[in-house]
Amino acid sequence: MSEYKYIGKPVRRVDGVAKVTGRACFSDDVILPRTYYAKELHARYAHAKILKLDTSRAKALPGVIGVFTAKDIPMNRKYFRMGAIGDAWLFAEDYVRFIGDVVAAVVAVDEKTAEEALAYIDVEYEQLPIVASLQDAYAAENLTRNDKPGNVAMPLIVERGNTDSDFAGADVVVGGHFVFPSLHQLHLEPNSATAVYNQGKLTVYCASQVWFHIREDISAVTGVPEKDIEIKAQMIGGAFGARNDQPMPAVAALLACLVKGTVKMTNTRLEEFLACRPSLGMEFDLSIAADKEGHFISKKMKLLSDFGAYSSDSDAVTAIACFRADNNYTFKSTYVEGNGLYTNHTPTGAYRGFGNPQMHFALEQTIDMLAKKLQMDPTELRMKNYHKAGDTSIHGFKYATNGIAECMQKAKELMDWDKKRAEKKPGRGLGVASLIHCSGSKAGKYEFSGTSALLRLESSGNLTLLVGESEIGQGISTGLVQLVSEELGVDPSQIKIVMGDTALTPFSTGTNGSKLMSSLGSAAVSAAKNLKEQIQQILNNHCGVLHCEVRNGAVYGSFTDQKIMSLDEAAKKCSYTRNGSPIVGFGMFEPTWTDYGDKTGYGNLAPSYPFGVQMAEVSVDEYGNYKVEKLVSVHDIGRVINTQMAAGQVYGGVVQGFGSATTENLSINAEGVYQANTILEYKPATALDIPPIHMAFVETVDPYGPFGAKCIAEPPIISIAPAIANALYDATGIRFDQVPITPAVVCKKIMEKQTEELKREREASARKEEANG
């Protein structure tokens, strides 16, 4: 925007030079003196009773410092206090419940010795029946774990309005069954942690989205008070939700306490697949009731959600999948039966979108089914049912701004939707899907929902912004610097930012809920305003500079509008007046108009809500080979703070969504094994696979966000898969209700359709011949 100097501009990333030159320090780059190395022994079976666990031979190996099992950890079951269910352990006790469950850990003088010692640990198992799929878990003929009857982790039933009555009175009802598999976040940097135990105190070097929750976890399993634990934040090579729940820092800290020294751990890529927390696989039975004009009346849904062997963020992800997507549309009633279930594979957790991509995959295809039945343009059907600014949704979301209709119009322009539909060609198809997300949802701790920031001005003029959240590659460190620069009127290069160091920064619930730009950004702007107020008060009260104000990087007379001194000069004068003390601006953001919701999940969950529309164009030949020709992604994110980075977020999210739709799948087999457990086998999309991506923003200027901003972190991944599936239906007349949609799947369905059509033709011909005698 022209009225701003730094807002809405492509300001260069503050961490860009360090990353592209290789000078950025990641967790595995930490090399400390007198370091021991640790490796974990993972379970070979998905479900088994441990009959024997003998570590004596491993302990006797030269260079081994110690070998530890659950028996050595009094607080083994205290891990992950952030979760609402709290059913995890660090090391397996009497049973193993997934391939990758940790049976023991070795600490040795070097990594090679630690790895070798694992082979000397003698473990005998009694294999137990495996529950590998959601349908098996729901049938409950076998139990995933002996302490959870029926494999149920989280039952949830909620009805708003009277769905039975509304369905009975509807003109049209459509529905289907949809399957979305478990996906890996596939962040580039494997997990690594180095823990130092020294005279009762712990220092841990690691990457995380939730530095302070890690500190809580470490305290819980080690018994070391939080005040004696310091987390040293390292550069992060990607997260996408995977670093919300990461046992490694807690294990490294625990082992450091046990050997009273320094312990380093780094995962192999295979371990990243085995023991980290991929997304929740889900299955949906979903139906929509509408009148003959296309007004949505009601929705019913049954959801099966895969928690894996233990619960992580799984409960919150499942709740979001149950409710969030509904809020885009004006349903009169809705019913959901959610079933969070245990299975015998890796525990699942947070992934970009947090359950929203799974739900949108089902809902947005069902809406297209309704459009087909009503013979309506699917874009017009959605437009007819969108919420508007000022509305309150069926689940209690309140929209101060809502640019979803403008997003649809812009997406149609970028796709040339109307012309292509009017001139439809064989083998070509168009698909559309809408999306809604939360910007700054209440997440982390019940006691507070916002966040805070400190802005320190030294006598030298140095400005340092201190915040407890994480820069995970999304560019928030640059965005925060832009906000503070705009408020103070200083160049962004003058501001240093410190993120996540628990000894220096304010407490934070972490980088989650797409909250950093809207919530933390507001706190940072508030800190800058508070800093200006303090400067003005000190100059006024102690330096004889009356009626002044700070703006444009200097101090000006309020009445004369003349520059009195630079900000650097003011910093020195204020600090010297206070015997060298720096000025620390404090900023806090607390969205008092939001709430956690009642026991049914009804409430205004976030300060603001981003919206979007995504489209796909595909071509398909007679053999099932298909190509995504074009993708369109348009988003209402409030005011755009950094144009270049916001576009980068869209491109990155769209590519992830494209991969989930077309190639990615962990492929869990009947033995509970992830068959895709290397990057090559997992098949993420590469640069050669990506179609042209056309993107745009609708700037609604939100009243609650900093300078009107919402967020763009998670939305771009959400509705790419249903847009592609809807485009394939438009091209082939076949509904693809499960991802990934590979060419082999398309070919098979086309052949099945041709076989069925041929069968019907033959039956019709036979009936005609019989009728003619």
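How much accessible surface does the protein have, and what share of it belongs to carbon and sulfur atoms? In this predicted model, the accessible surface comes to about 30000 Å², and carbon and sulfur atoms account for 51% of it.

Turning to the fold as a whole, the protein contains 20 helices and 26 strands. Its radius of gyration is 28 Å, close to the 28 Å given by the globule rule for 773 residues, so the protein is as compact as a globular protein of that length. The C-alpha trace spans about 110 × 80 × 50 Å along the principal axes. As for burial, 60% of the 773 residues count as buried. Sequence separation was looked at too: of the contacts between residues at least 6 apart in sequence, 80% join residues at least 24 apart. On the charge side, there are 79 positive and 90 negative side chains, and the centres of these two sets lie 3 Å apart.

Strand 2, covering residues 48–54, pairs with strand 6 in the antiparallel sense over 6 bridges. Within this pairing, Lys-49 stands opposite Glu-126 of strand 6.

Strand 17 runs antiparallel to strand 23 (residues 583–589), and 7 bridges join the two. Thr-451 is found opposite Phe-589 in strand 23. Strand 17 also pairs with strand 18 (residues 463–467), again in the antiparallel sense, this time over 4 bridges. Here Leu-455 has Leu-465 of strand 18 as its bridge partner. Strands 17 and 18 make a hairpin with 5 residues between them, and Gly-461 in the turn has a positive phi of about 95 degrees.

Thr-144 belongs to the loop between helix 4 (134–139) and strand 7 (152–160). With a relative accessibility of 0%, Thr-144 counts as buried, because the cut-off for that label is under 20%. Neighbours within four places in sequence aside, the contacts of Thr-144 are His-47, Arg-97, Val-131, Asn-151, Tyr-342, Thr-343 and Asn-344.

The second residue, Phe-354, lies in the loop between strand 15 (333–342) and helix 10 (356–374). Phe-354 is buried as well, at a relative accessible area of 16%. Phe-354 and Phe-331 are 23 residues apart along the chain, and their C-alpha atoms are separated by 23 Å.

Which peptide bond is cis, with omega near 0 degrees? That is the bond from Val-739 to Pro-740. Pro-740 is placed in the loop between helix 19 (720–732) and helix 20 (743–771).

Positive phi values also turn up in residues other than glycine. For Gln-375, phi is near 55 degrees. Gln-375 sits in the loop between helix 10 and helix 11 (378–385), and at 75% relative accessibility Gln-375 counts as exposed. For Asp-416, phi is likewise near 55 degrees, a positive value in a residue other than glycine. Asp-416 lies in the loop between helix 12 (404–415) and helix 13 (417–422). At 35% relative accessibility, Asp-416 counts as partly exposed.

Definitions and conventions
Residues numbered from 1 in each chain as written. Predicted model: local features only at pLDDT ≥ 70, side-chain atom pairs only at ≥ 80, totals over all residues. Heavy atoms only, no water. Rg over C-alpha atoms; globule rule 2.2 N^0.38 Å. Buried < 20%, exposed > 50% of the residue type's maximum accessible area, 1.4 Å probe, protein only. Contact = heavy atoms within 4.5 Å. Areas by Shrake-Rupley, 256 points an atom, 1.4 Å probe, with all protein chains shown as cover. Lys, Arg positive; Asp, Glu negative; His and termini not counted. Charge placed at Lys NZ, Arg CZ, Asp CG, Glu CD. Pairing = 2+ DSSP bridges.
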